[in-house]
Protein chains: 4
Amino acid sequence: MQFLSDNAAAVHPAVWDAMHRADASDSPYDGDALSQRLDAAFSDLFGRDCVALWVASGTAANCLALAAMVPPHGGIICHRQAHIEHHEGGAPAFFTHGAKLILADGEDARLAPAEIERIRAMIERDVHEVQPHAVSITQTSELGCTYKPHEVAAIAETARRLGLSLHVDGARFANAVAYLGCDPWQACQGAAALSFGCVKNGGMSAEALVFFEPSLADVARYRRKRAGHLQSKGRYLAAQILALLEGDLWLANGRAANAAAGELALAAGNRLLHPVEANEVFLKVTAPERAALRAQGFAFYDWGNDAARLVTAWNSDATHVADLARAIRQL
Amino acid sequence: MQFLSDNAAAVHPAVWDAMHRADASDSPYDGDALSQRLDAAFSDLFGRDCVALWVASGTAANCLALAAMVPPHGGIICHRQAHIEHHEGGAPAFFTHGAKLILADGEDARLAPAEIERIRAMIERDVHEVQPHAVSITQTSELGCTYKPHEVAAIAETARRLGLSLHVDGARFANAVAYLGCDPWQACQGAAALSFGCVKNGGMSAEALVFFEPSLADVARYRRKRAGHLQSKGRYLAAQILALLEGDLWLANGRAANAAAGELALAAGNRLLHPVEANEVFLKVTAPERAALRAQGFAFYDWGNDAARLVTAWNSDATHVADLARAIRQL
Amino acid sequence: MQFLSDNAAAVHPAVWDAMHRADASDSPYDGDALSQRLDAAFSDLFGRDCVALWVASGTAANCLALAAMVPPHGGIICHRQAHIEHHEGGAPAFFTHGAKLILADGEDARLAPAEIERIRAMIERDVHEVQPHAVSITQTSELGCTYKPHEVAAIAETARRLGLSLHVDGARFANAVAYLGCDPWQACQGAAALSFGCVKNGGMSAEALVFFEPSLADVARYRRKRAGHLQSKGRYLAAQILALLEGDLWLANGRAANAAAGELALAAGNRLLHPVEANEVFLKVTAPERAALRAQGFAFYDWGNDAARLVTAWNSDATHVADLARAIRQL
Amino acid sequence: MQFLSDNAAAVHPAVWDAMHRADASDSPYDGDALSQRLDAAFSDLFGRDCVALWVASGTAANCLALAAMVPPHGGIICHRQAHIEHHEGGAPAFFTHGAKLILADGEDARLAPAEIERIRAMIERDVHEVQPHAVSITQTSELGCTYKPHEVAAIAETARRLGLSLHVDGARFANAVAYLGCDPWQACQGAAALSFGCVKNGGMSAEALVFFEPSLADVARYRRKRAGHLQSKGRYLAAQILALLEGDLWLANGRAANAAAGELALAAGNRLLHPVEANEVFLKVTAPERAALRAQGFAFYDWGNDAARLVTAWNSDATHVADLARAIRQL
């Protein structure tokens, strides 16, 4: 009974179907009809002109976005616990040619405008220190929390005022929008680029890198090729993304994962370490308690010495979820 | 009737089946059973210890190999027409952090030992010039020609003597081995790394990067992650590769493509610009002749002003091939 | 009356003389007799085989050292206040092609073995996190404190055990050795490379990058050229370094600067924020007090809101020092 | 009797004097009065607004200029024999983070507009090929020839039309202007940046990187620091440059070197391989002839098997020059 991560869940049947249909075309790279539909599909979704590129991983999406925004000698303000800082093996430095992640603090792995201002103010405006050129936030955050629309707006406004571009890492953007119940744009408003996650949400090997500033996409296209991410059969990636957008399957999948997490959160009660606003549950559990859960067949990651992280997915088995909820209650 | 390239052909049914079966697992990255089988599968194929990593593109395979072999201040001797020089958008410089491609000449886009020695001898051994650290050859070459086993061996020996590592870009390795009828190792013997192509040969989105020197793989693993190429659902890539290795499907596919090209070559007669030793046919045809072929529904690329390139694939339609052969005869 | 920094003090007369004498030669780059003497000069100084390269700045020395030790995908453990982290404008990432500075804590801007072990232990040994390959310490530290010989030895031993190379940023190495009164090697023992500072100590434009592991120098030579740091009239840099080594002028200069700082330290009494073990004095002074000092003609940097940093140099004017000491006492 | 290169000649007395006077200041980096005068000095010289930065080497000047003009995924059109291609140890790729040198041909190591257009036209405008973003020419060329003012203007116009920035490597700019007898701007008109050489012309360790597009300098300032080229005692570099500009010493030095080369050219007669338009003389001489010259005490580089390169400097000894001229005549 798998609660380790949503990053390896099976592919959704509708995604499979769309991929199979892509067999029929034979246009290479992103010249095929499916790839060509991405801009319009995301422009519809966000109610504004977008340019969208498929890439094979969230790391590639995040880092191509940052590389288009930040010069090699620049920096990116992000949360100390951000995925780009901790779990991308140095990819941001690779794609940006050495730009620096400038680490900020904030509850629930979220940044607040005042913290961004504090960081900016600490850095002397001379050549001896790396100057920030962008802010990157994660929606939902590494601790399963969301930025409310007004919070995103405030961050965007702060970034704009400080001359910083805004990137949103949306590996679990679907879960955030499903939770917030808002218009998708409201969940990332003011961003220059969004990594729109698909792999954790029913896709196989495609993430959408959505640019709200088209000139950035012109750069990113070259950088994508240069990073070995311009697959020649790109239509199979476009097919995945379009299948998830079709009929808002992405949102339905996000809601399903959130609902499962909600059930676990209810069971966890005051063991919760963070609000459960998406599909991740962080709960206080001792080592013996964790051992007890594992003995019952539940797989999950430790979160330090006194806690665990439970992640649900679009296809979390209802019985497994109910069983785990019960097991948590009985700890 | 498509003869533009083999790089966008449909996915082979056996590959689809293997991918579907991969739905059952949920181990992320390359921790799944399929990914774990790659080393053994390639060790069997090549009759020696291999470490094999999946990546999403030939560009990524080539460049991760080179990055593991060559320091940022080093160089790579390759043919002037090599894919890494011409069609990878600067990816070799990106992955290697600026290593230099040192261009060499040779008939049929192939390098000879004497040319490698000539290039090495031209470069003064001081810090003012970039020193070569590797040789990269393409099997089959950009002009559809192969290196015979003894030629590969001679190049490997020359490289070894000059202190250069050997990389083989095998985007169309299957076609070469199918043509040569040799043991796979003989077609790349002495290489430290081989980009074993699958995408052009019935796969969807997976190439195998095979290291014959395991220590290079230790570096490449970190570099793969750092380049955003460690997909979380890597099992779907491993599945593709294993499906092609199973029962030597890769060779059967290579043979099928070669056979189609052979039929065209026969028709082309003395219009041929290069020996047809794989699945690419370069033929002398005037602009009006090319227009005539296109008017009959054949799609292909011009090759300069007086020639055309025809590429067949594992699934080239027999009728289309016969029709094109006839049309060529009737030019 | 200048106490801002030692980094812009006048050039020592003996250094000038040596530079003038270098006019006579005309061998370019580092082929001249002076440059060729550096290895032997430092081998004598440290009592072991050294390879020494001149470079134009401490930043270049530090970063060429790190680039020779750490692959692009690796990391470097250093103190949170290290110069390489704060005041080199991202140069470490540039020279190393993106290696990551992994920040550690420690009193007086110094690292302890236990902290290095803690940091290493926090990082999971997988490709998702950047793995440390080196430790960099600063002798003397950013806060004017030294590592005692046994402390350096303990760090070196810890680094060795953890598979990390050791770099010592010795921008003020002379001040440290002058303070410690030890053999120079004892102040950096176990290091693979030392940035031996000359510019702050009577030189003009030359630092010595000393390798105790010669194979690193082979790499650094190429990297130096590639970074535009192989000056064609390198003999003028070698002359500076040799002049400072001659008759231990470097130590005499270090002692002179330390003595001036010691006089200020005595005056500062319990205003001192850190032990004064070199030529930097950090003292608690309010804004009005700082204004009062400045009104008397003393120039220095604020250190946050409630402190000031005073730096002495090899040529600090004795009267100015005495005046400042008196002014501090009278605050 | 040295005719190897001008790159290691002694420092001019006026430069020494200016450097000594710089002892008096103690402002670090480029905050001193001398460094602050550079912009105005070059604005005067070129009759237009300039921003000028000192750096320690021609390689650094060239590569910082290119890095400010060209993105990492871009390319630079230059002559096949350009210094940036052949003798900078890969520095252009390092500073630009992998931009590609796109090699062009042309007599006397000079580019012509038609060749630039030919190269641009050969490169398909897609992401698979590296797109040129700049042109770099060398004034005087690697073969000692100059671009006439109208030739520079034509190249600049071609570059502008093709959307390419223009860089001029002026390691021997003084020699070119001395030869052309034109206004300095005419010798580089339309350039976005000029590497204004001083080291080969009486300086010690300072080249001036002159930007005619000030926004590029804003980037270059950060990149200079990041490359370890912001020396803390920068005033000694500024002093060198200003001393050479003072009273047009740079031109006088250029003329002196050219005159010496002219004397040799006259002696060489129809042995000359290239017009002698600066301070380099390429002459056809057999191996025995070269041996004969060397036996008389003349030092110079072979230029392939059948030629030699003779280089004069600002301080070439008149007797040595006369002796060499005579020796050549008597071959």
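This is a predicted model: local features need pLDDT of at least 70, side-chain atom pairs count only at pLDDT 80 or more; totals for chains, interfaces and linings use all residues.
Student: In what order do the three strands of the open sheet in chain C stand?
Tutor: The sheet is open and its pairing is antiparallel. β8 (280-284) and β9 (301-302) of chain C stand at the edges, each with a single partner strand, so one side of each lacks a neighbour in the sheet. The order is β8-β10-β9.

Student: How many bridges join β8(C) to β10 of chain C?
Tutor: β10 covers residues 307-311 of chain C and runs antiparallel to β8(C). One of the pairs is Lys284(C) with its bridge partner Ala307(C) in β10(C). The bridges number five.

Student: Which helix of chain C packs on the sheet?
Tutor: The helix touches β8 and β10 of chain C. Its direction makes about 15° with that of β8(C). It spans residues 249-268 and is helix α11.

Student: What rotation superposes chain C on chain B?
Tutor: The shift along the axis is 0.0 Å, and the RMSD is 0.0 Å. The two copies are thus related as by a two-fold rotation axis. In chain C, His97(C) has the C-alpha nearest the axis, 3.3 Å from it. The rotation is 180°.

Student: How many residues does the contact take from chain C?
Tutor: Chain B gives eleven residues. On the side of chain C that touches chain B, four are nonpolar, three polar and four charged. Of the interface residues of chain C, 100% are also interface residues in chain B, so the copies meet through the same surface. The contact takes from chain C eleven residues.

Notes. Residues are numbered from 1 along each chain as its sequence is written. Chains are lettered from A and ligands numbered from 1 in the order in which they are written. Two residues are in contact if their C-beta atoms, placed from the backbone, lie within 7 Å. Ala, Val, Leu, Ile, Met, Phe, Trp, Tyr, Cys and Pro count as nonpolar, Asp, Glu, Lys and Arg as charged, and the others, Gly among them, as polar. Two strands pair if DSSP finds at least two bridges between them. Helices (H or I, at least four residues) and strands (E, at least two) are DSSP runs, numbered from the N terminus. Axes are lines fitted to C-alpha atoms, for helices over the stretch in contact, and angles run from 0 to 180 degrees between N-to-C directions. Copies are superposed by least squares on the C-alpha atoms of residues with pLDDT of at least 70 in both.
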